[in-house]
Amino acid sequence: MIASNLRFVKSRIDSIKHNQEVQLIAVSKARSSSEIQDAIDAGQLHFGENYLQESLDKITSLKGNNLTWHFIGPIQANKTASIAENFDWVHSVDRLKIAKRLSDQRGADLGHLNILLQINIDREQTKSGLLVENIDEIIIEVNSLPNISLRGFMCIPNPHNSANSFNEMAKLLSKYSYLDSLSMGMSDDLELAIERGATLVRVGTDIFGKRNYN
Ligand SMILES: *Cc1c(COP(=O)(O)O)cnc(C)c1O
């Protein structure tokens, strides 16, 4: 089931992408290590997790599979050390304090932690993320931090307006020639996101099936 779902999601990606590299991230929140193992056996190596506590057991039990782990959930300042030590990418950096802590707490032996700034592209009160007009200021500071590499931006758009929001994200990325990554697109809108330039798509439901929580 998971293997055939993965094949189908990959074929959707391949049919829509033009020149860009698109990395499929299998969002494994609420999924067991054995479900993740099924995806690994089908060739999937990038996984995304939202909740630190549940992710650590899985990361530990699946060590040795050469996996790349992406943290995509809300970040509490007191949890940054474990994130810095156990993940390869963090998509949900939404304030300078978090970037500073991740840099301070990233072990030098691990190499740079890849980070994305989460953008509240639709300016929704209920969502976290930076506002576009504050990006320039924070980027200068983030680029001076030694143990993280800023790679680009991430968003979770309002589903009613996502084509337009994805366009805004692409426009934002194009302002910074040294950035290369846009994390956008989930099960329901990955085609739209890839058409607008996504390089990382985060897909849960269409790989693993319906979840009991978000
Ligand atoms: C849960 C989640 C996803 C995956 O969503 P699906 O609709 O299940 O594909 C992607 N990104 C984030 C930030 C999520 O929390």
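His 46 lies in strand E2, residues 46–49. Helices (H or I, at least four residues) and strands (E, at least two) are DSSP runs, numbered from the N terminus. This is a predicted model, in which local features need pLDDT of at least 70, side-chain atom pairs count only at pLDDT 80 or more, and totals for chains, interfaces and linings use all residues. Residues are numbered from 1 along each chain as its sequence is written, and side-chain values use heavy atoms, with hydrogens and water left out.

Is His 46 buried or exposed? Its relative accessible area is 17%, so His 46 is buried. Buried means under 20% relative accessible area, exposed means over 50%, and partly exposed is in between (1.4 Å probe, protein chains only). The His 46 side chain makes a polar contact with the side chain of Gln 23, at 3.5 Å. A polar contact is a pair of N or O atoms within 3.5 Å; within protein, one must be able to donate a hydrogen and the other to accept it, and residues adjacent in sequence count only if both atoms are side-chain atoms. Leaving out residues up to four places away in sequence, His 46 touches Gln 23, Leu 24, Ile 25, Ala 26, Thr 68 and His 70. Contact here means heavy atoms within 4.5 Å.

Next come the aromatic rings. The structure holds 4 aromatic pairs. One of them joins Phe 47 and Trp 69, with 5.7 Å centre to centre and 40 degrees between the planes, a tilted pair. Rings of Phe, Tyr and Trp (its six-membered ring) pair if their centres lie within 6.5 Å; planes under 30 degrees apart count as stacked, over 60 as edge-to-face and the rest as tilted. The pair links distant parts of the chain: Phe 47 sits in strand E2 and Trp 69 in strand E3 (residues 68–71), 22 residues apart. Both Phe 47 and Trp 69 are buried.

Tyr 176 and Tyr 178 pair in another way. Their ring centres are 6.3 Å apart and their planes stand at 80 degrees, so this pair is edge-to-face. Tyr 176 counts as buried because its relative accessibility is 7%. Tyr 178 is at 46%, so it counts as partly exposed.

Now look at helix H7, residues 162–174. It has 13 residues and reaches 18 Å from its first C-alpha to its last, close to the 18 Å expected at 1.5 Å a residue. The expected span is 1.5 Å times one less than the number of residues. Which residues of H7 are buried? They are Ser 162, Ser 165, Phe 166, Met 169, Leu 172 and Leu 173. Seen down the axis of H7, the buried residues fall within an arc of 115 degrees, so they line one face of the helix. The arc is that of the directions from the helix axis to the C-beta atoms. Exposed Lys 171 and Ser 174 are on the face of H7 turned away from the buried side. What covers the buried residues includes strand E6 (148–154), strand E7 (181–183) and helix H8 (190–195).

Helix H3 (residues 52–61) also has buried residues: Leu 52, Glu 54, Ser 55, Leu 56, Lys 58 and Ile 59. These pack against H2, E2, E3 and helix H4 (80–86).

Glu 35 is found in helix H2, residues 33–41. Its relative accessible area is 22%, so Glu 35 is partly exposed. A polar atom of the Glu 35 side chain lies 2.9 Å from the backbone nitrogen of Ser 32. Glu 35 also touches Ile 2, Ala 30 and Phe 208, not counting residues up to four places away in sequence. Glu 35 and Ile 2 are 33 residues apart along the chain, yet their C-alpha atoms are separated by 7.9 Å.

Most residues other than glycine have a negative phi. Ala 30, in the loop between strand E1 (23–27) and H2, has a positive phi near 70 degrees. Asn 66, in the loop between H3 and E3, has a positive phi of about 60 degrees. Asn 66 counts as exposed because its relative accessibility is 66%.

Among the residues surrounding it are Val 27, Lys 29, Asn 50, Thr 205 and Arg 211; a residue counts as near if one of its heavy atoms lies within 4 Å. A polar side-chain atom of Thr 205 lies 2.5 Å from a ligand oxygen atom. For Arg 211, a polar side-chain atom is 2.7 Å from an oxygen atom of the ligand.
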